[in-house]
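Please keep the sequence and the model in view while working through the numbered points.

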Amino acid sequence: MATVASNQRGTGSRLKTWWTILKISLEERFVYRGDFALGTLMRFLPIITQVFLWYAIFAASGKEKIEAYTANGVVAYYMLTMISRAFSSMPGLCSGIALQVRDGEIKKYLIQPIDLLGFLLLTRIAHKLCYYVIALIPFTFVFFLCRGFFENGWPEASVLCAYFLSLIMGFLLGFFMEASLGLVSFWFLEVTSLAFVYNLLNFFLSGHMFPLDLLPDWAAQFINLLPFQYLAYYPAAIFQGTIEPNQVWQGMALEACWLMAFIMIARIMLNRGIHRYSGFGG
Amino acid sequence: MPMALIELHNLQKTYRVYQKKEGLRASVKGLFKRTYKDVHAVKGIDLQVDQGEFVAFLGPNGAGKTTTLKLLSGVIHPTAGTASVMGHTPWQRENDYRRRFALVMGQKNQLWWDLPAQESFRLHQQIYGIETQQFNNTLDELTDLLGLRELLSQPVRELSLGERMKMELTAALLHRPEVLFLDEPTIGLDVIAQHNIQQFLKYYQQKRGITILLTSHYMKDVAALCKRVVIIADGRIQYDGSLSGIIDETTNRKLVTLQFADPITLQLLKSLERFGTIVQDEAPRVTLEVTRDDVPAMLTAILDAHDIDDLIVEEPPLEQVIADVFTRVTKSSLDARAENGDC
């Protein structure tokens with residue numbers, strides 16, 4: 001990660017810069033606390049339809065289990081993907097970058113000694129932290145009510161660690177993937193349709209729609225190589241133990257590779273994009 | 001001779017602009033084959049500015065003023081030419097350079113909209129690495145000068161346009177830039193706010209000895225602040241010198257206002273027209289535009305023939321002189337384009 005205010009100053013003052021940006025973005029987010037609280041509650045609505053759909057599927061098939069999942073297991077899976085998505089989804093990031101490029105606000109980052117990606121990452125962390133603070137109560141409440149769906153109870157400590165790591169990496173991966181998408185706006189001013197395609201792919205390939213291990217082997221093998229699964233399916237699967245503990249690290253290694261790749265892609269796109277912007281635009 | 005603080009040599013900027021013809025058919029065609037047109041926003045500017053100067057860029061819309069400021073602040077790359085500001089090439093965007101200048105755009109907002117300006121200032125402190133002691137001193141000084149103290153803790157979105165502009169200026173000056181670029185800092189402001197900002201800029205510039213380049217459409221800004229004026233039109237410098245010099249150099253006309261003791265008749269007006277053009281006729285006053293050299297002869301003739309209560313001889317208003325320069329340049333460039341057949 002490049003520095004936010006890269007200069008000859010020491011690490012201490014750099015950390016202070018980061019901390020200030022984080023603090024100020026947090027204050028800004030709390031201005032919208034009402035909107036946030038409502039948004040959080042609304043997140044639970046779509047899951048209810050999915051639960052009914054799966055109960056119907058189980059009833060029609062007459063089976064206790066579909067692949068690795070019981071009916072309760074499927075509900076638990078959806079609830080867990082909600083947590084994954086609370087880390088990896090980046091509302092407004094792509095469109096925000098596009099808007100800044102289009103209306104020229106990007107100039108701010110060109111004239112000040114500040115790094116756009118670092119700045120956006122910090123404001124996003126603040127955004128998320130603020131969200132968790134507000135969402136913690138409704139999430140705890142709903143999960144407490146639904147504790148019966150988690151038939152296996154809590155996983156053991158090492159799995160829990162892996163789970164949290166996968167959530168953090170999911171956040172970073174989601175950020176850099178969507179930031180790269182937003183940076184496309186240096187070349188095409190309008191990225192809405194591109195973002196639509198991305199979100200559609202994301203919806204299917206991340207496991208947001210259904211557990212990926214229900215897919216036939218050939219498809220699952222292919223999807224396992226893509227970065228999308230880390231945005232929803234992967235952390236949930238670690239928690240539920242549907243991934244063998246000894247295979248967890250393999251997947252994490254691949255995730256780390258994807259993360260590095262997207263950090264580099266975003267970096268290169270930003271540099272090229274600014275060069276192009278300064279050459280043609282303004 | 002010491003090198004100038006800002007030096008531009010043959011600076012040029014050409015934009016490539018997508019050309020869309022009217023109609024659906026053309027839009028569909030545009031999907032496959034796009035035609036572009038080169039727009040020469042800046043066609044070769046040579047300029048030297050010394051430390052401590054306060055220079056105004058004047059010019060009609062689209063003349064290349066803002067493009068020049070963008071080039072100087074490193075936001076865009078030039079098509080050709082060189083620029084050096086305090087020894088830096090702006091478009092390399094070194095952090096060392098970015099710490100030494102500021103750009104304020106009257107139509108762009110750099111502060112956090114939902115937060116009090118104070119928070120944005122604190123962020124600036126961190127971004128620019130300003131020591132707390134210096135930060136507090138500078139902020140105190142600026143808020144006192146601009147009368148902002150009461151407003152620091154109010155969200156920016158609740159400030160008036162004038163107050164917001166003052167906050168923008170404060171933010172831009174916190175890191176004590178040596179060079180300041182101002183792009184229409186008083187746009188949309190009422191007369192009092194304009195005046196306040198002018199007074200502030202004048203005082204601050206003299207006190208700190210910073211170098212300021214300003215673009216503005218308000219002649220009052222320019223007259224109040226800048227000894228040196230650069231007129232840019234059609235991407236080139238048309239005039240570079242003192243404000244008063246513009247009138248001497250670009251016009252040879254005077255305005256003569258006569259107040260007659262006798263009633264003004266049609267015949268009298270007719271007789272005046274041989275001296276020049278009547279620009280205002282509000283009995284008992286008549287204002288004429290007269291060639292400078294003809295003024296003495298005209299006055300002798302009129303004073304001989306009529307009773308005059310009052311008499312004023314003055315330069316044409318600055319706005320008008322500059323507007324004339326703009327029109328002349330635009331017209332001649334249109335003519336040139338028409339001759340080249342690329343209109």
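**Notes on chains A and B**

1. In chain B, B:Val229 lies opposite B:Gly241 of strand 9. Strand 8 (residues 228-233) and strand 9 (residues 236-242) of chain B run antiparallel and are joined by six bridges. These two strands of chain B form a hairpin with two residues between them, and B:Asp234 in the turn has a positive phi of about 55 degrees. Two strands are said to pair if DSSP finds at least two bridges between them. Helices (H or I, at least four residues) and strands (E, at least two) are DSSP runs, numbered from the N terminus.

2. On the basis of the note: this is a predicted model, in which local features need pLDDT of at least 70 and side-chain atom pairs count only at pLDDT 80 or more, while totals for chains, interfaces and linings use all residues. Residues are numbered from 1 along each chain as its sequence is written, and chains are lettered from A and ligands numbered from 1 in the order in which they are written.

3. Chain B is divided into domain 1 (6-13 + 43-247) and domain 2 (252-314), the bounds coming from an automatic or database domain assignment. Taken over C-alpha atoms, the centres of domain 1 and domain 2 of chain B are 44 Å apart.

4. An open sheet in chain B has three strands in the order 2-1-4, with antiparallel pairing. Its edge strands, each pairing on one side only, are strand 2 (35-49) and strand 4 (80-85) of chain B. From one strand to the next, the twist averages 30 degrees. Angles here run from 0 to 180 degrees between N-to-C directions, and axes are lines fitted to C-alpha atoms, for helices over the stretch in contact. Strand 1 and strand 2 of chain B pair over 12 bridges in the antiparallel sense, and B:Gln19 stands opposite B:Thr35 in strand 2 of chain B. Helix 2 of chain B packs on this sheet, touching strand 1, strand 2 and strand 4 of chain B; the direction of helix 2 makes about 70 degrees with that of strand 2 of chain B. Residues are in contact if their C-beta atoms, placed from the backbone, lie within 7 Å.

5. A further open sheet in chain B has four strands in the order 11-12-10-13, again with antiparallel pairing. Strand 11 (277-282) and strand 13 (308-314) of chain B are the edge strands, and the twist averages 15 degrees from one strand to the next. Five bridges link strand 11 of chain B to strand 12 (residues 285-291) of chain B; the bridge partner of B:Ile278 is B:Leu288 in strand 12 of chain B.

6. In chain A, helix 7 (residues 116-145) and helix 8 (residues 157-183) pack at an angle of about 130 degrees, with their axes 11 Å apart. Helix 7 of chain A is therefore oblique to helix 8 of chain A (under 35 degrees counts as roughly parallel, over 145 as roughly antiparallel, 65 to 115 as roughly perpendicular and the rest as oblique). Residues making the contact include A:Leu117 and A:Arg124 of helix 7 of chain A, and A:Phe171 and A:Ala179 of helix 8 of chain A.

7. The contact between the chains takes 27 residues from chain B and 26 residues from chain A. On the side of chain B that touches chain A, helix 4 (117-127) of chain B is one of the elements giving two or more residues, and helix 4 of chain B gives the most, with five residues.

Definitions and conventions:
Contact = placed C-beta atoms within 7 Å.
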